[in-house]
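Colleague: I would like to go through the labels on this model. Please set each value against its cut-off.

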Amino acid sequence: MRVKNLERTRLWLMLLILNSGLLICSCEEAKEHIAPAIYDRDSVSVMTTYGVNTLISDSGVIKYKIVTERWDVNTVKNPSYWYFDKGVFFEQFDEKFHVEAYIQCDTAWYYDQKKLWHLRGRVRIRNINGLIYESEELFWDGIRHELYSNVFSKVTTPERNIEGTYFLSDEGMKHYTVSNSVGSVESSDITGEKEEDEKDKKTTTPADTVKEEPILRPQAVKHRRVAP
C-alpha cells in the first residue's frame with residue numbers, strides 16, 4: 001500500500017510540474033508586443049487636408065490661389081509650418097483679380113510665423129511679362145517681399161537668357177539680380193561698341209554669347225540668405 005501511495009504521489013507531482021510548465025509557456029505565448037505610445041506631439045500634424053483649391057487674401061484683398069493634393073499643418077514644431085509633400089501650384093492676382101503670375105514646385109514648406117515659403121524641386125515661375133524662372137530651390141520672404149535662391153537659377157525673357165548661382169528679386173519679378181551670370185542676348189541689345197572690338201570678341205567668344213550683367217535692384221548690398 002505504501003508503494004502504491006508513493007507512486008500515486010510521484011505521478012501527481014509530475015502532472016503538477018507538467019501543468020505548471022504548460023501554464024508558463026501559454027502565458028509567455030499570450031504576451032502582446034505593443035509599441036510604446038507616442039508622447040512627442042511635434043511629429044504629428046494637427047490637420048491634414050486633401051484636394052485643396054482655395055483663395056488667400058492679404059489685407060482684405062484676394063492675392064493668391066493655392067492648389068495642392070495634400071496640405072499638412074503642424075503648429076507644435078518650432079518653428080511651426082505647413083507642409084506640401086505632393087507639390088503646390090500658386091496663382092497671383094492683381095487688385096482687379098487678373099492673374100499676374102504663377103508658381104509651381106514639387107515640395108513646399110511655409111513657416112507661418114516667419115511668413116517664409118521654402119520651395120523645392122522643379123521650381124518654375126512665369127509672370128505677366130513672359131519672364132520664366134527655373135531652379136531647384138527658392139525662398140519667398142513675405143515680410144521683405146523678396147524671392148531669393150542660393151542654387152543654380154535660370155531666367156528666360158523674350159529678349160535674353162541668364163543663368164547664375166545666386167538670385168534675388170522682388171515679388172513681381174520686375175527687378176532682379178543674378179550673380180555669376182552667363183547668358184545670351186539679341187545682337188540688337190549690344191550697342192556702343194566699335195567694329196574692331198566686335199571682331200576681337202568673335203575670335204574669343206562664341207557667336208551671340210556674352211557675359212551679361214543682370215538688372216540690378218536699387219539695393220547696393222547683396223543680402224545673405226540661409227535656410228530656416
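Modeller: Start with the largest pocket: strand S1 gives the most to its lining, with 3 residues. This is a predicted model, where local features need pLDDT of at least 70, side-chain atom pairs count only at pLDDT 80 or more, and totals for chains, interfaces and linings use all residues. Residues are numbered from 1 along each chain as its sequence is written, and side-chain values use heavy atoms, without hydrogens and water.

Colleague: What makes a space a pocket, and what makes a residue part of the lining?

Modeller: The search runs on a 1 Å grid over the protein atoms alone; a pocket is an open set of points with protein on both sides within 12 Å along at least five of seven lines, and a lining residue has an atom within 4 Å of a point. For the largest pocket, 14 residues line the space, with Asp 58, Tyr 64, Tyr 110, Trp 117 and Gly 142 nearest its centre. Strand S1 (47–58) and strand S2 (61–74) each supply at least two lining residues. Its space is about 350 Å³.

Colleague: How do the residues of that lining divide?

Modeller: Into 8 nonpolar, 3 polar and 3 charged. Ala, Val, Leu, Ile, Met, Phe, Trp, Tyr, Cys and Pro count as nonpolar, Asp, Glu, Lys and Arg as charged, and the others, Gly among them, as polar.

Colleague: Why is Thr 157 called buried?

Modeller: Its relative accessible area is 16%. Buried means under 20%, exposed over 50%, and partly exposed in between (1.4 Å probe, protein chains only). So Thr 157 is buried. Thr 157 sits in the loop between strand S10 (153–156) and strand S11 (160–164). Strands here are DSSP runs of E, at least two residues, numbered from the N terminus.

Colleague: Which residues is Thr 157 in contact with, leaving aside its neighbours within four places in sequence?

Modeller: Gly 130, Leu 131 and Tyr 176. Contact means heavy atoms within 4.5 Å.

Colleague: What makes Arg 70 and Asp 72 a salt bridge?

Modeller: Their closest N and O atoms are 3.0 Å apart. The label needs a side-chain nitrogen of Lys or Arg within 4 Å of a carboxyl oxygen of Asp or Glu, so the pair qualifies. Arg 70 is partly exposed at 25%, whereas Asp 72 is buried at 5%.

Colleague: How many salt bridges are there in the whole structure?

Modeller: The search finds 4. Among them, Arg 120 and Glu 137 meet at 3.9 Å, N to O. Arg 120 is in strand S7 and Glu 137 in strand S8 (residues 132–141), 17 residues apart. Another joins Glu 134 and Arg 124 at 3.2 Å. Glu 134 lies in S8 and Arg 124 in S7, so this pair ties together parts 10 residues apart in sequence.

Key: Helices (H or I, at least four residues) and strands (E, at least two) are DSSP runs, numbered from the N terminus. On a 1 Å grid over the protein atoms alone, a cavity is a set of points where a 1.4 Å probe fits but cannot get out, and a pocket is an open set with protein on both sides within 12 Å along at least five of seven lines; lining residues have an atom within 4 Å of a point. Grid points are joined across faces, edges and corners, and a volume is the space filled by probe spheres set on the points.
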